[in-house]
Amino acid sequence: MPGDVTIGIHDLSLATARYVLTHETLAAQNGANVAKYHRGIGQHSMSVPAADEDIVTMAADAAAPIVARHGADRIRTVVFATETSVDQSKAAGVYVHSLLGLPSAARVVELKQACYSGTAALQFAIGLVHRDPSQQVLVIASDVSRYELGTAGEATQGAAAVAMLVGADPALVRIEKQSGVFTADIMDFWRPNYLTTALVDGRESISAYLQAVEGTWKDYTERGGRALDEFSAFCYHQPFTKMAYKAHRHLLQHCGHATDEGEITRAIGHTTAYNAEIGNSYTASMYVGLAALLDHADDLTGRAIGFLSYGSGSVAEFFAGTVVPGYRAQLRSDAHREAISRREKIGYTKYRELHERSFPVDGGDHPVPTETTGPYRLVGLSSHKRIYATR
Ligand code: HMG
């Protein structure tokens, strides 16, 4: 067994949806003071998928540049994390495997545990690479966050996918061995199979998240993790960006540290740049935060980053990563900014129409209009089968 192999994130790429709804538009519709959104929850806009976009098209869009850069020869596993799955049986990653032309000698699987499963996918990938460091694992986290219209959760919707190539001698971030985990059976946020939108107890979900911060940190330190002041930055799961501030403040207080707002902003400010524009992307959200940090912060070479991954229900994990020398040459900062800035603003009527859109369940042929400007699209539904194509 290779003892001293370093494993982590070798490449990272994000994709989001064609459309964007600003919080000004939402506030004008529902009569809220827009400052509540901008300052209170720290959100400016949210990505809205076009009719022919979903978790599969966003995932393929995110992963394609990784396959183009590194080839697919070493990828023997694709782990797809999502909580907005398109099928109860077939893994969404199988569609992505096909769209990207990955080798048939591969295993593909889907993981679920609310927003946490992107991190489960990363940890499982590390285990596989540890067993055979010549292999790479394509980890994809892709989600569409959707709440009922007119609810408090509506302002915290969004959509995005992050693809990560996990392998030995990573070019971006080495993931350290120690990690703190925490599970509590709690109904703070959930979505029964018969609903298309999530149910949530907003206040309860925030306290459940903060409880998980304490629980993961306790386990992390008991397992010999780093001291809090060794970290240069922290990536938190961001259902809305102010949640990262709440969580970090809570961790500092819990550890008996001062809660200087300037220090808190220095530790997490960069991680919120993309999430404030994209909204909640569930499994992808924390890794969207990592992309924003790497793309915006001054040189982080050799610095430790703390990660707090939370998934309602609830399961959470705290772990650490170290940024690798030369990482800046590998970043996809321009492509990430472009994916966010090229989204087309839509008005409330169009947003509402997309929100309410669903397929008939009669097994007929149901083509979808071409809307996406991305490289992959959902062509339609036929005999209950989803048809995808390269655009
Ligand atoms: P709400 O009732 O709309 O808002 O719910 P509020 O009244 O609580 O106000 C929000 C903040 O804005 C407050 O700040 C207000 O003071 C402030 P806080 O007290 O929290 O610091 N505010 C203003 N600030 C400036 N100017 C103003 C103004 N007015 C008010 N004029 C809530 C907000 C987030 C609860 C709601 O949007 C919601 O239910 N969202 C969905 C649930 C959620 O995101 N929970 C987070 C933790 S759970 C999680 O992260 C997991 C999740 O991602 C799912 C998964 O794991 O799969 C959700």
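Predicted model: local features only at pLDDT ≥ 70, side-chain atom pairs only at ≥ 80, totals over all residues.
A residue counts as buried when its relative accessible area is under 20%, and because Thr271 has 0% relative accessibility, Thr271 falls within that class.

**Thr271 and its surroundings**

- Thr271 sits in a loop, and that loop connects helix H8 (261–268) with helix H9 (275–278).
- When neighbours within four places in sequence are set aside, the residues in contact with Thr271 are Phe234, Cys235, Gln238, Gly289, Ala292 and Leu293.

**The three-stranded sheet**

- Strands of a sheet are held in pairs through backbone hydrogen bonds, and the pairing can be either parallel or antiparallel.
- In this model, three strands form an open sheet in the order S15-S16-S17, and their pairing is antiparallel.
- Strand S16 (residues 376–382) is joined to S15 by two bridges, and in one pairing Pro367 has Gly380 of S16 as its bridge partner.
- Between S16 and S17 there are six bridges, again in the antiparallel sense, and here Gly380 is found opposite Ile387 of S17.
- S16 and S17 form a hairpin with two residues between the strands, and in this hairpin Ser383 adopts a positive phi near 50 degrees.

**What covers the sheet**

- Five of the seven residues of S16 are buried, and the strand is therefore described as mostly covered, given that buried means under 20% relative accessible area.
- Helix H3 (residues 55–70) lies across both S16 and S17, and its direction is at about 150 degrees to S16.
- Helix H4 (residues 92–99) also packs on the sheet, where it touches S16 and S17, and it runs at about 30 degrees to the direction of S17.

**The ligand and its contacts**

- The ligand is surrounded by 27 residues, of which the closest are Glu83, Cys115, Arg203, His237 and Lys246.
- Cys115 takes part through its backbone, where a polar atom is 3.1 Å from an oxygen atom of the ligand.
- Ser205 uses its side chain instead, with a polar atom 2.8 Å from a nitrogen atom of the ligand.
- Asn280 has an N or O atom in its side chain that lies 3.0 Å from an oxygen atom of the ligand.
- On its own the ligand has 1,100 Å² of accessible area, and the protein covers 74% of this area.

Terms used. Residues numbered from 1 in each chain as written. Heavy atoms only, no water. Pairing = 2+ DSSP bridges. Helix = DSSP H or I, 4+ residues; strand = E, 2+ residues; numbered from the N terminus. Contact = heavy atoms within 4.5 Å. Axes fitted to C-alpha atoms, helices over the stretch in contact; angles between N-to-C directions. Buried < 20%, exposed > 50% of the residue type's maximum accessible area, 1.4 Å probe, protein only. Near = heavy atom within 4 Å. Polar contact = N/O pair within 3.5 Å; in protein donor to acceptor, adjacent residues only side chain to side chain. Areas by Shrake-Rupley, 256 points an atom, 1.4 Å probe, with all protein chains shown as cover.
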